[in-house]
Amino acid sequence: MTSRIPRDSRLRLVRPRPLAAAPTAVNQRRPRRPAPRPPEGTPAPAVLARMARSGLADAARVAHWADGALGPGRDGAGSDGNGTLSDESAARAAADLGLTVAQVRADWDTARLAGLVEVHGDSARPGWRLRAWDRDDSAVLRGWVALFDAWSLAFPEPTDREPAAVAEVVSAMPQVLSFLQLSAGPVPVEQLLDLLEQRVTELRTERCEIPYGPQPEPVEEPEAADPQDAPLAPLLDWALRALASVGALTYGDGQATLTPLGSWAVWVKLEQICVAAQSPAGNIEVAAEEMLRGCAQLRPNAARAEYRAWLAARPVGSAVTELLDAARGDDALLRGLAFEALRVVGAPAEPDVRSVADEPTLRPYALLWLAEHDGIDPEDAHEVLTRQEATWLWVDTAAAVADHGEAPMLVRHLESALQPTVPQLLDEVRAVGHPRTVQVLVALAAAHPDPALAKAVRRAAFQVHTGG
């Protein structure tokens, strides 16, 4: 218990590793799937990165300006708290860069969507991609894919259309993009419109539910606009213009064609879905909780690949909401895995993670996630927790081990506690009020080989149970 020798425990409190990566998780080795090759004619990554740098040059320029002019210790106004530049900062940037204020704001929005700048509360700071912009092609391509994923935010949506109809088109566009990618050339807009209408009809059919049992007589009300009655041609026009604005396709003369970057990005998304579909767990179409359970038996790298594929198949916002809902459940293992998946999401998850930091069940996980997101070394991130929060997390982790691990693993977890002695640990565990305290202590007492220590732990469990 008093040993401070580091152990290779995948359940150590301070290491951001999946709780499921236990020795019993998976020892079987699956044959590695050969690295997939992009379609013939796809430019090399270095060429794609040059294209992305060119397309994002204006956004990178504004981001570099903000880094120099609005950084810590410099005199200037930053973000207005909503992620947009304040009027003063936008005016300064326009004067310094020889642009209009409207151009600065548009480039700033693009930089945010591409992860070149990150907004935290009422301040903005350079994203890690901006730091690596000139030397890391993969960082550039990830930034462009982030912008591609956010195409519906990059171009103002029609204000004269029902939000439900807009949402349907956004949900249906991946199939349209897949068709464009497979066509490998110009496609008439009429053909894309037919495909879009078919896909939207499928989406409406999938969510159509007929309530069971007798229903009250309908009350006549003024007819509201039905999104199903709205023509889709204007919305397809908006979607194609939005995708063209981020450089994913060219659009004109009644046809659309994916750019090399757009074709490559769609292929990447399809490949991620195929990888997930071929995985033993088949997690691509299931809810977050089931996906996390499926990943519990995977090694960390394989689990992260599953997270990426699962995330690629759904909008980021709803995916983050699903993961946080799963984390609020009773299973501590899923809580830890949910935040591992949120680490894969990265910056887009930050507002939601920050919003749950006041929930007692999620607070320690959220604080660790935010600390690592802010650049603190994962080995030191635990220092942001109070002693009580760290003890609560220790009990929660122990609950995951007790439910899903082996007895020796629970004994090893005892060594990761911050408290130097068992009596001190037991006192603080009893005081922290975790709902699984009794079960954890009983399991620890049953697993520990030292009779005296096991007796003390059992006594503490009894005292917690009886309120003594």
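Where in the chain does A184 lie? In this predicted model, A184 is found in the loop between α8 and β3 (187–188). The phi angle of A184 is near 55 degrees, a positive value in a residue other than glycine. Most residues other than glycine have a negative phi. A184 counts as exposed, because its relative accessibility is 71%, and exposed residues are those over 50%. A second residue of this kind is D253, which has a positive phi of about 55 degrees although it is not a glycine. D253 belongs to the loop between β4 (249–252) and β5 (255–258), and with a relative accessible area of 81% it is exposed.

The overall composition of the predicted model provides the setting for these details. The secondary structure of the protein chain comprises 22 helices and five strands. Of the 468 residues in the protein chain, 44% are buried. Among contacts in the protein chain with a separation of 6 or more, 66% are accounted for by residues 24 or more positions apart.

The buried residues of α3 are S89, A90, A93, A94 and L97. Seen down the axis of α3, these buried residues fall within an arc of 135 degrees, and they therefore line one face of the helix. On the other side of α3, D87 and A95 are exposed. The packing partners of the buried residues of α3 are α2 (57–69) and α4 (101–113). G98 follows α3 and has a positive phi, near 70 degrees.

A242 lies in helix α10 (residues 233–245) and counts as buried, at 0% relative accessibility. When residues up to four places away in sequence are not counted, A242 touches W151 and F155. A242 and E157 are 85 residues apart in sequence, while their C-alpha atoms are 8.6 Å apart in space.

The packing of α15 and α18 was considered next. Two packed helices are described by the angle between their axes and the distance between the axes. The axes of α15 and α18 come within 7 Å and cross at roughly 115 degrees. This angle makes α15 roughly perpendicular to α18. The contact is made by A332, L333 and R335 of α15, together with W392, D396, A399, A400 and H404 of α18. By class, the contact of α15 with α18 has five nonpolar, one polar and two charged residues.

Charged side chains also form pairs in the structure. Side chains of opposite charge can pair when their charged atoms come close. The structure holds 19 salt bridges. In one of these, the side chains of E168 and R204 meet at 2.8 Å, N to O.

R328 lies in the loop between α14 (316–327) and α15 (332–345), and E359 in the loop between α16 (350–355) and α17 (363–373), so the pair ties together parts that are 31 residues apart in sequence. R328 is partly exposed, with a relative accessible area of 37%, and E359 also counts as partly exposed, at 25% relative accessibility.

R436 forms a salt bridge with D403, and the closest N and O atoms are 2.9 Å apart. R436 lies in the loop between α20 (422–432) and α21 (437–447), whereas D403 lies in helix α18 (residues 387–404), so parts that are 33 residues apart in sequence are tied together by the pair. R436 is buried, with a relative accessible area of 19%, but D403 is partly exposed, with a relative accessible area of 40%. Salt bridges also link E289, R293 and D331 in a network.

Conventions:
Residues numbered from 1 in each chain as written. Predicted model: local features only at pLDDT ≥ 70, side-chain atom pairs only at ≥ 80, totals over all residues. Heavy atoms only, no water. Salt bridge = Lys/Arg side-chain N within 4 Å of Asp/Glu carboxyl O. Helix = DSSP H or I, 4+ residues; strand = E, 2+ residues; numbered from the N terminus. Buried < 20%, exposed > 50% of the residue type's maximum accessible area, 1.4 Å probe, protein only. Axes fitted to C-alpha atoms, helices over the stretch in contact; angles between N-to-C directions. Parallel < 35°, antiparallel > 145°, perpendicular 65-115°, else oblique. Contact = heavy atoms within 4.5 Å. Nonpolar A, V, L, I, M, F, W, Y, C, P; charged D, E, K, R; others polar. Arc of directions from axis to C-beta.
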